[in-house]
Amino acid sequence: MDNCSINKTVEKTDKQNIGDLLHFGKAVLEQNSNQNAESESILLLSYLLNKEKSALFLNRHLPVSPYKTKRFYEWVEQRKKGIPIQYITGFQNFMGLEFETSEGVFIPRSETEILVEKIIELIEMFPEKKRLSLLDLGAGSGVIPITVCSFFQKKGRDVNFYAVDVSEKALRLAAKNAQKFHCQNHINFMKGELFTPLKELNRSILFDGIISNPPYISHRDWKNLPDEVRIFEPPEALLGGEKGLDFYQKIIRESPKFLKPGGFLALEFGHRQKNDIKQLITENANYLQKVITFRDYYHNDRGIIAFKNSSENN
Ligand SMILES: C[S@@+](CC[C@H](N)C(=O)[O-])C[C@H]1O[C@@H](n2cnc3c(N)ncnc32)[C@H](O)[C@@H]1O
């Protein structure tokens, strides 16, 4: 479809049906060399009309209101400019929950679902612990503490989090998401740099576990990131120093002071960082116990769990 015929379609705002709009979105995105034009057109329209994808196919002849039609054109135009779908629709599904997203806040990734699954498995291994206190460093939209809290809330277990982020915008969004999933009373959001807000409290807290998916992109990898990520997502949520290891060095060094004996440290990392991070952990005398690494759905190395020594002597 050339520009002229696409524009003609755009003008027919009052007589569009679902099929026309799906076709329009696909044609515009394809023209923009989008490899997933069809599936993205479907995704955008399904969010806009709040309908399952299958319902769109079954109702191709249903008319769409002029307001929603205009909105769809705007969304397709935004996508054409490279704006991530999650910023356009305002949502990202994470472990079956529809999290709100917003520009300026890191979009949750499916890789992090593995980290959350590992934390849930770990907590389930200790059913006698009725009350757990956890820390999430770099909370972003709040997906880690919220999915963990929401899971255990349904099971009647009291899992509480402190969740820290430097970004005011992220914390506002995370608080909104916590409210949405009824976890607001179990998560204490704090603004600041890693452990700093905890050091500023007038009491010391020891956690059963510390979790983080910190910024881990190296200078070299930054240049190779897709435009969609590099241009539109906040750099401070992505960049982890020259080798991408700055946050791991700080977290591994400082975390023992905030962990109970035997407490765990669970970190997500980039797929080429396993050896560096494992080395940082094994060089730390506080983490002489078991260390577990895990992979993501694509079989890339993706995370590590280490346990603080259970007594001063081991
Ligand atoms: C990769 S994102 C992860 C967000 C979220 N945990 C997730 O998995 O979707 C990293 C987060 O760390 C935050 N961050 C960056 N520097 C930080 C710092 N010095 N202290 C605390 N948080 C920081 C960013 O604002 C961002 O929200």
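In this predicted model, a polar side-chain atom of Asp165 lies 2.7 Å from an oxygen atom of the ligand. Once the ligand is in place, the protein buries 96% of the 600 Å² that the ligand exposes when taken alone.

## Surroundings of the ligand

| Residue | Part of the residue | Ligand atom | Distance |
|---|---|---|---|
| Asp165 | polar side-chain atom | oxygen | 2.7 Å |

The shell around the ligand holds 20 residues, of which Gly138, Asp165, Glu193, Leu194 and Asn213 come nearest. By residue type, this shell divides into 11 nonpolar, 6 polar and 3 charged residues.

## The chain as a whole

The protein chain has 314 residues, and 49% of them count as buried. Its secondary structure comprises 14 helices and 9 strands. The C-alpha trace spans about 75 × 45 × 35 Å along its principal axes.

Two domains are assigned in the protein chain: domain 1 covers residues 3-81 and domain 2 covers residues 104-307. Taken over C-alpha atoms, the centres of domain 1 and domain 2 are 37 Å apart.

Among contacts in the protein chain with a separation of 6 or more, 70% join residues 24 or more positions apart. The protein chain exposes about 16,000 Å², and carbon and sulfur atoms supply 49% of that area.

Thr147 is placed in helix α8, which runs over residues 143-154. Thr147 counts as buried because its relative accessibility is 4%, under the 20% limit. The side chain of Thr147 reaches the backbone oxygen of Ile144 at 3.3 Å. Apart from neighbours within four places in sequence, Thr147 is in contact with Phe94, Met95, Leu97, Phe99 and Val116.

Gly263 lies in strand β7, formed by residues 259-268. With 4% relative accessibility, Gly263 is counted as buried. Although Gly263 and Leu206 are 57 residues apart along the chain, their C-alpha atoms are separated by 9.0 Å. When residues up to four places away in sequence are not counted, Gly263 touches Asp208, Ala306, Phe307 and Lys308.

Asn284 is found in a loop, between helix α14 (274-282) and strand β8 (291-295). Is Asn284 buried or exposed? Its relative accessibility of 12% is under 20%, and therefore Asn284 counts as buried. A polar atom of the Asn284 side chain lies 3.2 Å from the backbone oxygen of Ile252.

Terms used:
Residues are numbered from 1 along each chain as its sequence is written. This is a predicted model: local features need pLDDT of at least 70, side-chain atom pairs count only at pLDDT 80 or more; totals for chains, interfaces and linings use all residues. Side-chain values use heavy atoms; hydrogens and water are left out. Domain bounds come from an automatic or database domain assignment. A residue is near a molecule or strand if one of its heavy atoms lies within 4 Å of it. A polar contact is a pair of N or O atoms within 3.5 Å; within protein, one must be able to donate a hydrogen and the other to accept it, and residues adjacent in sequence count only if both atoms are side-chain atoms. Accessible areas come from the Shrake-Rupley method with a 1.4 Å probe; for residues, only the protein chains shown count as cover. Ala, Val, Leu, Ile, Met, Phe, Trp, Tyr, Cys and Pro count as nonpolar, Asp, Glu, Lys and Arg as charged, and the others, Gly among them, as polar. Helices (H or I, at least four residues) and strands (E, at least two) are DSSP runs, numbered from the N terminus. Buried means under 20% relative accessible area, exposed over 50%, partly exposed in between (1.4 Å probe, protein chains only). Contact means heavy atoms within 4.5 Å.
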